[in-house]
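Biologist: I am new to this structure. Could you take me through some of its features, one at a time?

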Amino acid sequence: MRRFFTPVFYTVVILCMLSVANTYAQTAGKILLKGRIIGSKDKLPVIGATVVEQDQDKRVVNGMATNLDGEFALTVSDVNHKLVVSIIGYKTASFSIGTRRVFNITLDETSNELTEVNVVAQAQVGNGTGLNIDKRDLTTSTVTLNAKDVEDLAATSIDQAIQGRLPGVDIVSNSGDPGAGMSIKIRGTTSINGVSNPLVVVDGVPYNTSVPSNFNFATADNSQYADLLGIAPSDIATISILKDAAATAVWGSKAANGVLLLTTKRGRKGSPSIAYSFKGTSQVQPSGIPLLTGDEYSSFIPEEFMNVTGVPLNTQSAKEFEYDPLDPYYYNNYGQNTDWIAAITRKGLQLDNNLSLTGGGDKASYYASVGYTKQTGTTVGTDLARLNTRLNLDYSVSDKIHFTTFFSYSHSKTLALYGQPGDVRSTAQTKMPNSSIYEYDEYGRLTPNFFSPASNVQGQYPGTYNPVAMALAASDVTLSDRITPHFNLRYNITNTLQLNSDITFDISNGRDGSFLPQIASGRPFTETNVNRTTTSDYDTYAVLTKTSLIITPNLGDKNSFQGLVQVSSEDDRQTSQSATTSNTASSSIMDASAPARTASSGLSIGSNLLQSRTVSALINGQYKLLDRYIVNVGLRIDGDSRFGPGKRYGYFPEVSVRYRLSGEEFMKKFSDWLDDFSFRASYGHSGSAPSKPNDGNYLFYSNYLSTSTNYLGLAGLAPSTPRLDNLRWETLKSSDAGVSFVMFKNRLNVDVDFYRTRISDLLTDIDLASYTGFSDVLLNVGTLDNQGFEVFLQSTPYKSKKLNIDFAFNISNNINALRSISPYFATQTGDVTTNGNYLQVLQLNNPLGSFYGYKFKGVYKDADATVARDGSGAKIISPDGTPVQMRFNYPTTDYLFQPGDAQYEDINHDGNINYQDVVYLGNGSPKFTGGFGPTFTYKGSITLSAYFNYRLGGQVINQAKMRTSNEYSYDNQSTAVLHRWRVPGDVTDVPRALYGTGYNWLGSSRYVESSTFLRFQSITARYTFNKSVASRIKAKSLSVYFTGQNILTFTNYTGQDPEIGQGSGIYQIAVDKAVTPPLKQYTIGLSASF
Amino acid sequence: MVTMAMSVCSCNKFLNLRPQNGITSDQFWQTKEQLQGAVIGIYNGLLTGPAVNYFEWGEARADYVTPGAGVSVDETNIISTNILPTNGIVDWSAFYRIINLCNNVIDNAPGVLTRDKTLTSTVLNGYLAEAYTIRALMYFYLVRSFGDVPLTTKYLGSDNDLVQLAKSPKEVVEKQIISDLNTAEPLAVNTYGNVASDKGRVIKTTVQTIQADVYLWVDDYADCIAACDKVIGSGKYGLVPGDADWFNNLYVVGNSVEGIFELQYDAQSLNPFYSFFATTRPRYLAYINLIDNYSFDELDVNNVDIRSYDVAIHAADQSIYKYIARTPTSLRTSDASYAHWIFYRYADVLLMKAEACINAGRGQDALDLINQIRTRAHALPGTEQFPGVDDKVALTSYLVAERGREFAFEGKRWYDLLRNAKRDHFARLDLLTDAALISVPPLNVQSALSRLRDTNALYFPIPQLDINNDPNLVQNPFYK
């Protein structure tokens, strides 16, 4: 515990010392000043004006307010100080004291109140560490988005807001469910250990976005980024993305996947300003894959069954297909046409309210906001309610000392469906459509009970259940609270030396309760999946400290320098507890706190404690000569508790330069149209520490754990992992070259970047050969290269007094290649001899994400078509004169293809479809991604903006199509199977139905589709009322807008949505599993400030 | 600057964190309690890991089981001997996990003796014997099921120890098994002082019983008979009398006088068999005419072989009753499914000796032993055979049939068939092909027969995962 406090202690000591240091200057001596204050126009006394003594650093030494007669009497300590008088409505006046003792002051009224003070100088971005660097002097590849650009979107989170708007940043939504996160990739695949999300830094402090990975969250993976939701989009001032390693190196070991810098809004000097915004969004679930109706299904299944055995399905034993009106129970319960997808889908609604208050004076300024979001998901049973508040306070004690506190709190309640995300929807997709939602009794009368039989021909829970019962009666409720107090102190030691110290506490806790009632699983009461409940709690507690010394010496006009030395530390602790019990007496006793059965297989209680710490030191400096030559150099050293001694410290150097050609003398002649023309180049390192559930923080130990059960009353111990002596940092080395143009008085901005990134010592979890006795370990396995380019263009092609047209465009490309791989890593996966699998091979110097399979050629239309043919198309005849039939995987499987079976191309014409006929089918990574869109502004009051995003190239495996047309089980199928082969001579591309046998859905080109698309992502129309209208409701400004999102997608893709994220792990294929696709959303919004 | 310097100094201390949920390896192997924990960890592995495989590897390919309503595709493929390297049932990882735990104890236990003065070498030897024996048993399962397998006897403690092994020929593996058992035999304790531990953990007679089985497998009949005689001569075991309580004593309660090595499932750790055989959607059913193997008495319906009705098969629904029944008329509940898994019992020792006798030219001794089993079981005259004492073929058939009746669904059938079939260069392949005709679905019989005639196909393929992960592993011949 003591060690933990060390860095905290030092930080506090520094804070105290600084505050004390400043008070030394005080000297004793009492001087009394008196006076009266009147207004300049009415000559009446000014009541309540603040009269203060201020020292040369503008620190307030003493002060008071004027009385009812406008009089004051103030003791001051030093005659060299100043007397300052201020009150709202009057101009502030300042006087030297000297020998003067009586001050009769006339204050001037401020003529008319300022509407709003906009402090928009040159945008300052920096790398988030504390250096303030003009955007035009940036040496690294960084993009910034102002909140203004995204405020109209119906985004519940930042990630949604920036989707498709920044070059080189590929964001794909995990699903359309409320609270589900996004996967963010900056410049292609970097890490392959599953974690590719960037580091998020809020107001200069890293923001942890992961819940404890061992935490028994049904949705742990998908909700990683849902935590980002804790920050309301309306609180964001800017979002910057650091892309190259020179920019990210200053963030060291966490930055290999890029850095997302967010700054929140701060108070401004001026009278209080209240802003209110409202957004109401209607969400519509796009129509999915058309499925068979109950009637179509119940004629399809008996045929599927009979094709295998040659005998009709026995409807005495499979009463689900009996359709006998004399047996009303089965006739009614299995005689319906239920659209299960429709039954669990509804129209979603999202309401956002945000209220903020900003203001401030000389000394202090504030920004306070409160927001409330309520979202009703498009799937029945999904819901989100979130409250978040933020208070940012700035207080200048003097010119020297400046305090800032950022205080944010959010509370959310997420209602999800029981089980993994998407489970219920996928069960609804395959659930037999002839069964009823609610049960009919034996007389054929509809009852209000869910129809959840213990088992039927489709199987039993968890394979199949009643999706409506699951959506309505089962539940998964997550409550989470997060509070992040952040204190910052800035101390200007001298004009050129500044000390900046931060301490942040990040405390979050959550509770998840999931419940599976008997009425949903339908199972008998002796089983543990009846009234099964899991309740879990987690707490995370992080303390981050950061202290930096910033030097900005005055080197004259010709050159300038900024330098920074920083030490920081982080301590993360996560604890969690969970309990799983089952078999409470009623489907309405839903919490694990109720006494219930606990001791049985599958039921458990658990607890976990994980801790990790890092310390780092950073030196960073930026030097500028003649406004033309800029160089930035940095070095960060990170120590991380997750590595063993000897491997603990990582060094992350960085150098970047910018050369402003337009600043040269000979370029001056172009200066009337060329504002800026610069070259940038950079090189830097960043890294990744290991991350793995459970023991992820202690992998360099081999940990002996107790076994979960005793043997003969004795407790056992077994090592859970081998000791990882060789675990080291995954290092990313990146170089970047770029050009920036600014032309025609800022009307055309172009940034072009080329980059090349090498990730060595790739950390990934590898499957070990089983004879090692362990299943998997985390190893540094190989080297991966990424390279590509990004173009970002922003222009104002037309500008007049009435109409402004802006146009933005971005495109990026990324190619990766594997350069080396550990011999322990399986370079091949996927079994081409069983249905549904694609072969995936890792090949050196080739991109990741390629997959291989058979070439689908349609369906054997009759017996003649199944005869094997040689290269010239002639039939292959065996020595005894009979034609040879096509076979599959001779001799191991040796299946003879029958008429109606899927036909695969026999590449080598040997009459045998096997691994030798497997060909390249595609690669999941897109060639180009990007977006573009115009904005029209008419008379400053009407704005119309549209945004398109696109992806070119890349292939997707349409697994949803595979699953809904494999004709292999009792699962419901898509209407495509209505065209299936039935009798010899049928020419079709859908094979015959075959229950549980055959090779009709091998991994083949049949399910591979191009994922190229162009999406009309959003359109926004905004009307800003003019001042006179606004003032009628006492508002300073008022505007309304309408936004449509995900309006139209142009694609040849036949699945629900072509925007599929690449899979995790090294194989990286893109598979469409068709969970809730991105929704169509229509938003009406209003914002007003007072 | 001072504070910075101080921070840097305390960095290393600050960064030292240890997991709170276990004992790290640098603090392990210090006390005898930790040693005992590590040994019990091995048994726990036996209990939870490969339990499914004991049954599926030993029974599914043989003639007694047919698919039930809840059968999976992998299981159907095993039953119809259509086995691919990707079939989940050929996954051997649970066996190697236990082998690695044994290797750990064998490598590191002797060091505890110097660190913990309260540990005696007798106790240490007992622990070592347990590790050697269980390692041998695991390799014995592997070599019988896969033929050539990778052989490792060194604990993988760190990523520095990672190696990529090739397969070792089965003769080498068998040699290792015999050597391990020979090492274990003198070290093993005679008793732990209570019945449950003597049946549930390795004692001297456990080692000897496994030795008998291994010697029989490698056709070393003299050593097999010698090992059997040691167990018989120990006087610890006998047959449970074939009375009304027979089923209850032997299978329901367990740890009977007959039990030699039984996995001790209990209310805390249930066996996995309930979901296999439970009546709603069983994965496996008994072959429908299995009852014919036991014959029947036309005159007296109550005169039955005690091993037949409601033990091997519940005739009404073909369900396999040994592990799920409490009495002939009632089932265990799912939360009371803790019938022991019996690796070896005394009847097995008697019949192993009988089999060795047949092949050692002692036909009459063999018949006497078989009759001892039959008498206890009230076997019916319809199943009695009268082979000549020198007719090895007929004696073997009789013995295999009797073993089938005695050990139905105890995970022995396939190994019995294979062991007797492979003797003398597969002279009795008919045992396997006849078996295939019984339980393989009619559609697949021809292909199953052709596969079984290729003796390479009698062993499982190396799991595809391991082929992928280790370039040195070569797939078994039939599956290439």
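Modeller: Gladly. This is a predicted model. Let us begin with a pair of charged side chains: Arg419(B) and Asp213(B) form a salt bridge, N to O at 3.9 Å.

Biologist: How many residues apart are Arg419(B) and Asp213(B)?

Modeller: Arg419(B) sits in helix H16, residues 413-426 of chain B. Asp213(B) sits in helix H9, residues 204-217 of chain B. The pair links distant parts of the chain, and the separation is 206 residues.

Biologist: Is Arg419(B) buried or exposed? And Asp213(B), buried or exposed?

Modeller: Buried means under 20% relative accessible area. Arg419(B) has 2%, so Arg419(B) is buried. Asp213(B) has 6%, so its class is also set by that cut-off: buried.

Biologist: Which residue does Asp219(B) meet in a salt bridge? Which parts does the pair tie together?

Modeller: The N to O distance in this salt bridge is 3.2 Å, and the partner of Asp219(B) is Arg423(B). Asp219(B) lies in the loop between H9 and helix H10 (221-233) of chain B, while Arg423(B) lies in helix H16 of chain B, so the pair ties together parts 204 residues apart in sequence. Asp219(B) is partly exposed at 30% relative accessible area. At 5%, Arg423(B) counts as buried.

Biologist: What is the distance between the closest N and O atoms of Arg18(B) and Asp26(B)?

Modeller: Arg18(B) is partly exposed, with 32% relative accessibility. Asp26(B) is partly exposed too, with 43%. They form a salt bridge, and the closest N and O atoms are apart by 2.9 Å.

Biologist: How many salt bridges are there over all chains?

Modeller: Side chains of opposite charge can pair when their charged atoms come close. The cut-off here is a Lys or Arg side-chain nitrogen within 4 Å of an Asp or Glu carboxyl oxygen. By that rule, the count over all chains is 51.

Biologist: What span should helix H14 of chain B have?

Modeller: H14 covers residues 363-377 of chain B, which is 15 residues.

Biologist: What covers the buried residues of H14(B)?

Modeller: The buried residues of H14(B) include Leu367(B), Ile370(B) and Arg374(B). Among the elements that cover the buried residues are strand S11 (341-345), helix H11 (246-253), helix H13 (346-359) and helix H15 (392-406) of chain B.

Biologist: Which residue follows H14(B), and what is its phi?

Modeller: The residue is His378(B). Its phi is positive, near 55 degrees.

Biologist: How far apart are the end C-alpha atoms of helix H7 of chain B?

Modeller: H7 has 18 residues, 170-187. At 1.5 Å a residue it should span 26 Å. The end C-alpha atoms agree with this, at 26 Å.

Biologist: Where does Trp29(B) lie, and is Trp29(B) buried or exposed?

Modeller: Trp29(B) has a positive phi of about 60 degrees, although it is not a glycine. Its place is the loop between strand S1 (23-24) and helix H2 (32-48) of chain B. With 6% relative accessibility, Trp29(B) counts as buried.

Biologist: Is His425(B) buried or exposed?

Modeller: His425(B) lies in helix H16 of chain B. Its phi is positive, near 55 degrees. With a relative accessible area of 78%, His425(B) is exposed.

Terms used
Residues are numbered from 1 along each chain as its sequence is written. Chains are lettered from A and ligands numbered from 1 in the order in which they are written. This is a predicted model: local features need pLDDT of at least 70, side-chain atom pairs count only at pLDDT 80 or more; totals for chains, interfaces and linings use all residues. Side-chain values use heavy atoms; hydrogens and water are left out. Helices (H or I, at least four residues) and strands (E, at least two) are DSSP runs, numbered from the N terminus. The expected span of a helix is 1.5 Å times one less than its number of residues. Buried means under 20% relative accessible area, exposed over 50%, partly exposed in between (1.4 Å probe, protein chains only). Contact means heavy atoms within 4.5 Å.
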